[in-house]
Amino acid sequence: MAAVGVVLASYLIGAIPFANLFAHKTHGVDLRTVGTKTVSGTSLYNVAGFGPLAISGVLDLCKGAAAVLLAGRFDHPVTAALAAAAAVAGHNWSPFIGGAGGRGVGVSLGASAAYMWPGTVVLGSGLAVGRLASRTGIGCFVAQVAIAPVLGMIYGGKGLLFGLCLTIPMLVKRVLGNEAPARRDGRMYLSRLLFDRDALSSSMPEGDRA
């Protein structure tokens with residue numbers, strides 16, 4: 001029962017929509033109504049600039065770290081993995097803003113840093129290389145797919161489990177987005193999975209990954 005409480009608490013911590021709170025506090029804007037309608041760091045930056053983005057980003061990292069630290073005293077890898085997954089899911093589908101959210105990358109970075117730091121290197125590298133190449137979506141996708149096998153090679157079964165628990169909610173969010181696509185077919189959903197955007201929305205910028 002204690003482990004269930006940790007997972008639930010992690011979900012609620014992850015669900016705190018810092019990006020939307022900062023956008024509303026600084027500019028009176030609900031990120032669900034502007035741009036790509038994604039409650040993410042990129043959307044916050046477009047509305048409020050770098051300062052609020054930096055603070056919100058650090059707080060998102062702390063959400064992931066808090067989840068695994070809550071589970072730490074149980075010294076149980078399954079609890080830690082599920083707590084991390086719950087925090088990412090809470091961020092991606094926050095009940096405080098009607099189920100909207102970001103992509104969970106910042107929360108995953110924080111969880112990895114507090115529990116299995118090589119995961120932070122994998123995700124951070126994918127994000128950085130993707131941004132440098134102006135292909136943030138595909139860079140994040142490659143990193144998200146790679147994190148579970150990399151952690152599995154380093155930490156064994158518990159690393160594989162932890163990596164999968166981070167990856168699955170991030171990939172599901174990429175496919176589902178915050179609203180249904182303009183056309184529901186395999187090509188559209190594949191584009192969302194690989195590039196995190198609708199193939200028919202040529203005006204949609206890449207970069208909404210937080």
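How many helices and how many strands does the secondary structure of the chain come to? It comes to 10 helices and zero strands. Helices here are DSSP runs of H or I, at least four residues, and strands are runs of E, at least two, numbered from the N terminus.

A word on the source. This is a predicted model, where local features need pLDDT of at least 70 and side-chain atom pairs count only at pLDDT 80 or more, while totals for chains, interfaces and linings use all residues. Residues are numbered from 1 along each chain as its sequence is written, and side-chain values use heavy atoms, with hydrogens and water left out.

Now the whole chain. The C-alpha atoms fill a box of roughly 45 × 35 × 30 Å, taken along the principal axes. Buried residues, meaning under 20% relative accessible area with a 1.4 Å probe and protein chains only, make up 46% of the 210 residues.

Helix α7 covers residues 118–132, and helix α8 covers residues 136–155. They pack at an angle of about 160°, axes 8 Å apart. Axes are lines fitted to C-alpha atoms over the stretch in contact, and angles run from 0 to 180 degrees between N-to-C directions. So α7 and α8 are roughly antiparallel, a label for angles over 145 degrees.

Who makes the contact, meaning heavy atoms within 4.5 Å? From α7, the residues include Val122, Leu123 and Leu127; from α8, they include Ala143, Ile147 and Leu151. By class, the contact has 12 nonpolar, six polar and one charged residues. Nonpolar covers Ala, Val, Leu, Ile, Met, Phe, Trp, Tyr, Cys and Pro; charged covers Asp, Glu, Lys and Arg; the others, Gly among them, are polar.

Notes: Angles under 35 degrees count as roughly parallel, over 145 as roughly antiparallel, 65 to 115 as roughly perpendicular and the rest as oblique. Contact means heavy atoms within 4.5 Å. Buried means under 20% relative accessible area, exposed over 50%, partly exposed in between (1.4 Å probe, protein chains only).
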